[in-house]
Amino acid sequence: MRIEIDDKSGFCFGVVGAIDKAEKALAEGGTVYTLGDIVHNRMEMKRLESLGLKNATEDMLDTLGGCRVLIRAHGAPPALFEKAGKSGVTLIDATCPVVAKLQERVREAYRLMEPRGGQVVILGKKGHAEVVGLTGQIDDKAVVIESMEDLMTDVDMTRPIYLISQTTKSPELFRQVADKIREIRGENDPDVVIKDTICRQVSGRYDHLRDFASRFDVVLFVSGAESSNGKALYNVCLSVNASTHKIEAPEQIEASWLDGVQSVGICGATSTPKWLMEQVAERVAEIANVR
């Protein structure tokens, strides 16, 4: 059996940076808290928790004076930074540079749209940490849409529009939304601004995974259940290979999936650690040898 791990899957550089900051802080000693999971992968979070990382909520900030609290790669709204400052918390800002740039873009978009009665429209998952951080840049005065249906019901097509995207959304969906706006408003409407703000490291994985998944009898997509990027990339693999299975851990692999199989491809989300994909590959080899 041929078993191959996708060399382009795994942590994006924003997640790598956040985990690196967390590990360095933990190595210095003392307690380090994170506001929500650094990465949407329970296996990686268990590893970090074993090093001493503790999870906290924004409501707990008032009780954490003197402690170090990490802002994860998704970023956070300015109000949270202000609250942390008043609480005497030492913040470790691990906001992804791409997300930080997008937060600045949101503020610029609002400065352009507000005097013209326009709308800042964000294609993103409502309630997602990155989106909360983005909308918080402008006191939640953005319109967040998740689908084409949302576009048609929640966006006023008669007013100026500035369209941007959460960094990990599907490039195809963004194109569909942008094309619909142009169809309704015209190609050269000066009151429409469309900026593709999807992270290039993320968007490049879509076409790559289509090719990767098509080359194997079975694909094992490794991702945390809460990862929105994982859900999107899993569906990309599934669209070209019906024998794609989404798992969180090696023990979830079913031996029946490997019956008569000559090749297995292993890939994952931007929140999936390489070490976990390696464990999955080892488990596949164990099952294949037994059978």
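1. Cys199 is buried, with a relative accessible area of 9%, where buried means under 20% relative accessible area, exposed over 50%, and partly exposed in between, all with a 1.4 Å probe and protein chains only. Cys12 also counts as buried, at 12% relative accessibility. A search of the whole structure finds zero disulfides, a disulfide being a pair of cysteine sulfur atoms within 2.5 Å. For Cys12 the closest cysteine sulfur is that of Cys96, at 6.0 Å, which is too far for a bond. Cys199 is likewise in no disulfide, and its nearest cysteine sulfur, again in Cys96, is 6.2 Å away.

2. A word on the basis of these values: this is a predicted model, in which local features need pLDDT of at least 70 and side-chain atom pairs count only at pLDDT 80 or more, whereas totals for chains, interfaces and linings use all residues. Residues are numbered from 1 along each chain as its sequence is written, and side-chain values use heavy atoms, with hydrogens and water left out.

3. The chain has 10 helices and 12 strands; these are DSSP runs numbered from the N terminus, with helices being H or I of at least four residues and strands E of at least two. The radius of gyration of the chain is 21 Å, close to the 19 Å that the globule rule gives for 291 residues, so the chain is as compact as a globular protein of that length. That radius is taken over C-alpha atoms, and the globule rule is 2.2 Å times the number of residues to the power 0.38. Along its principal axes the C-alpha trace spans about 70 × 55 × 25 Å.

4. Of the 291 residues in the chain, 52% are buried. The chain exposes about 13,200 Å², of which carbon and sulfur atoms supply 48%; accessible areas come from the Shrake-Rupley method with a 1.4 Å probe, and for residues only the protein chains shown count as cover. Among contacts with a separation of 6 or more, 72% are between residues 24 or more positions apart, contact meaning heavy atoms within 4.5 Å.

5. Which residues have the most contacts inside the largest nonpolar core? That core has 19 residues, and those with the most contacts inside it are Val32, Ile38, Met45, Leu48, Leu53 and Leu70. A nonpolar core is here a set of buried Ala, Val, Leu, Ile, Met, Phe, Trp, Tyr and Cys residues joined through side-chain atoms within 4.5 Å. The elements that give two or more residues to this core are helix 1 (13-27) and helix 2 (42-50), and helix 1 gives the most, with six residues. Apart from this core lies another, of 18 residues, among them Leu220, Ile247, Val264 and Val284. Leu70 itself, not counting residues up to four places away in sequence, has contacts that include Ala18, Ala22, Ile38 and Ile92.

6. In helix 3 (residues 78-87), Leu80, Ala84 and Ser87 are buried. These residues lie on the same side of helix 3 because they cover an arc of only 65° around the axis, the arc being that of the directions from the helix axis to the C-beta atoms. An α-helix has 3.6 residues a turn, so residues three or four places apart point the same way. The cover over the buried residues of helix 3 includes strand 2 (32-35), strand 4 (68-71) and strand 5 (90-93), while the face turned away from the buried side carries the exposed residues Glu82, Gly85 and Lys86. Helix 3 is followed by Gly88, whose phi is positive, near 75°.

7. Two loop residues deserve a look. Asn241, in the loop between helix 9 (228-240) and strand 11 (244-247), is buried with a relative accessible area of 8%. Leaving out residues up to four places away in sequence, Asn241 touches Ala213, Phe216, Asp217, Val218 and Val219. Val155, in the loop between helix 6 (148-154) and strand 8 (161-165), counts as buried at 7% relative accessibility. With residues up to four places away in sequence again set aside, Val155 touches Gln119, Val121, Val143, Ile145, Asp150 and Ile161.

8. Leaving aside its neighbours within four places in sequence, Thr135 is in contact with Ile122, Asp140, Lys141, Ala142 and Val144.
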